[in-house]
Amino acid sequence: MHHFFVSENNIDLENKRVYIEGTDVNHIKNVLRMKIGEEMLVSDGNGHDYLCEIEKYDENDSVISVITDDTSRGVELPSKIYLFQGLPKGDKMELIIQKAVELGVYEIIPVSTKRTVVKLNEKKEKSKIERYNKISESAAKQSKRSIIPEVKGVMTFKDALKYASEFDINLIPYENYKDMTETKKAVQKIGKNQKIGIFIGPEGGFDESEVEIASDLGVNKISLGKRILRTETAGLMIISVIMFSLEE
């Protein structure tokens, strides 16, 4: 079943109608060639899902559909995972976003660290963040998420730590930290209705001083095993572990 996202303003619960506008209209009409009466899943991006049937193609270039079921599918994790990802080189960030969204991440925050090679000026950053959010939306549709995880603007490491300061638990994988027992304990502490921050360094990892600053602020150092993981692997690995422990 095809899946689309609309603004809450496009959902008329009183009359049981959903109005789809924008680029999705062309995709529905001319790419998917969906017919009147065909079913689709529509989400408002805030966790509410609606099973709908296409009623008609409006002359104002919108798709009007009838709500046949207001359903809560429970596809979202019971806690919110925030991925603080050190900016990697090339197009690795796009892969990270796509897969992290599929795994259930709530929000992605690109982070500039001491060892970050990529430098984005204001114009380039705006363009990149717009593209990153489109990738997030596409991945959310593909994986049938009820929300579209937001990709925030680039933060400094200091600002990222401040942003996560009131989270329930924060984790920072560090290759020089070898205690898997503490890693398992940290994951076991994670429960429902929590905010979880995961800090992943860029290529070359975090500078030791950054890890110590984070640790002093209560961020838990953890190990991801005896093997050194690439930046595009590390975050997805720990998100997968947390997702498995939380999934109902």
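## Basis of the model

Residues are numbered from 1 along each chain as its sequence is written, and side-chain values use heavy atoms, with hydrogens and water left out. Because the model is predicted, local features need pLDDT of at least 70 and side-chain atom pairs count only at pLDDT 80 or more, whereas totals for chains, interfaces and linings use all residues.

## Aromatic pairs

Eight aromatic pairs are found in a search of the whole structure; rings of Phe, Tyr and Trp (its six-membered ring) pair if their centres lie within 6.5 Å, and planes under 30 degrees apart count as stacked, over 60 as edge-to-face and the rest as tilted. The ring centres of F157 and F199 are 6.1 Å apart and their planes stand at 80°, so this pair is edge-to-face. It links distant parts of the chain, 42 residues apart, with F157 in helix α4 (residues 157-163) and F199 in strand β12 (residues 195-200). Helices (H or I, at least four residues) and strands (E, at least two) are DSSP runs, numbered from the N terminus.

F157 and F199 are both buried, that is, under 20% relative accessible area, with exposed over 50% and partly exposed in between (1.4 Å probe, protein chains only). Ring pairs join Y82, F84, Y106, F157, Y163, F167, F199 and F206 into a cluster.

## Contact of α2 with α3

In α2 (residues 92-103), M93, E94, I97, Q98, V101 and E102 meet R131, Y132, I135, S136, A139, A140 and Q142 of α3, where contact means heavy atoms within 4.5 Å. The residues of this contact comprise seven nonpolar, three polar and three charged; Ala, Val, Leu, Ile, Met, Phe, Trp, Tyr, Cys and Pro count as nonpolar, Asp, Glu, Lys and Arg as charged, and the others, Gly among them, as polar.

## Nonpolar cores

A nonpolar core is a set of buried Ala, Val, Leu, Ile, Met, Phe, Trp, Tyr and Cys residues joined through side-chain atoms within 4.5 Å. The largest has 33 residues, and L83, I108, I198 and I242 have the most contacts inside it. Helix α7 (231-246) supplies at least two residues of this core; its six residues are the largest share. A second, separate core of 17 residues includes M155, F157, I172 and V219.

## Positive phi in two loops

K16 has phi near 55° and lies in the loop between β2 (11-12) and β3 (17-20). K144, with phi near 60°, is in the loop between α3 and β9 (150-151). K16 is partly exposed at a relative accessible area of 48%, and K144 is partly exposed at 28%.
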